[in-house]
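Visitor: I'd like to see how the labels on a model like this one get decided. Could you show me the structure and then take my questions?

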Amino acid sequence: MNKPDLCPACGGRNDCTLANPKTAGQACWCYGVDIEPSVLQALPAELRDKSCLCPRCARVDDQLRANSRPVA
Ligand SMILES: [Zn+2]
């Protein structure tokens with residue numbers, strides 16, 4: 001029941017590029033953000049490093065929005 005493309009915390013899509021064969025060559029959004037260690041520690045040990053969190057559970061929505069803002 002361990003799907004790499006689903007968030008282990010909420011079961012939603014995590015949009016991890018590595019879990020999708022089409023985008024596996026691209027850096028995942030998770031590489032560009034800082035995830036609070038406490039967020040990762042709240043996960044069951046067996047789920048850590050198996051599936052990506054979704055941006056919402058990783059609490060990085062703000063960081064992603066800042067990163068994707070067009071540079072004009
Ligand atoms: Zn989630």
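Predicted model: local features only at pLDDT ≥ 70, side-chain atom pairs only at ≥ 80, totals over all residues.

Visitor: Let's start with the metal. How do you know which residues coordinate the zinc ion?

Guide: A donor is an N, O or S atom within 2.8 Å of the metal (3.2 Å for Na, K and Ca), and water is not among the atoms, so sites may look incomplete. The SG atoms of Cys 7, Cys 10, Cys 54 and Cys 57 sit at 2.2 to 2.4 Å from the zinc ion, so they count as donors.

Visitor: What makes the arrangement of the four donor atoms tetrahedral?

Guide: Four donors get that name if all angles lie between 85 and 135 degrees. Here the angles run from 106 to 121°, so the zinc site is tetrahedral. Ideal angles for four tetrahedral donors are 109.5 degrees.

Visitor: What spacing do the donors follow along the chain?

Guide: The pattern is C-x2-C-x43-C-x2-C. Cys 10 lies in the segment before α1 (37-41) and Cys 54 in the loop between α1 and α2, so this pair ties together parts 44 residues apart in sequence. Helices here are DSSP runs (H or I, at least four residues), numbered from the N terminus.

Visitor: Why is Cys 54 called buried and Cys 10 partly exposed?

Guide: Buried means under 20% relative accessible area, exposed over 50%, and partly exposed in between (1.4 Å probe, protein chains only). Cys 54 has 1%, so buried it is; Cys 10 has 43%, so it lands in the middle class.

Visitor: Now the charges. Why is the pairing of Arg 13 and Asp 15 called a salt bridge?

Guide: The term asks for a side-chain nitrogen of Lys or Arg within 4 Å of a carboxyl oxygen of Asp or Glu. The closest N and O atoms of Arg 13 and Asp 15 are 3.7 Å apart, so the pair qualifies. Arg 13 is exposed at 53%, and Asp 15 is partly exposed at 45%. Asp 15 also has a positive phi, near 60°, in a residue other than glycine.

Visitor: How many salt bridges does the structure hold?

Guide: Two. The other pairs Arg 65 with Asp 62, at 3.5 Å from N to O. These two are three residues apart in helix α2 (residues 61-68), so about one helical turn separates them. Both Arg 65 and Asp 62 are exposed.

Key
Residues numbered from 1 in each chain as written. Heavy atoms only, no water. Tetrahedral: all angles 85-135°; square planar, octahedral: opposite > 155°, others 65-115°.
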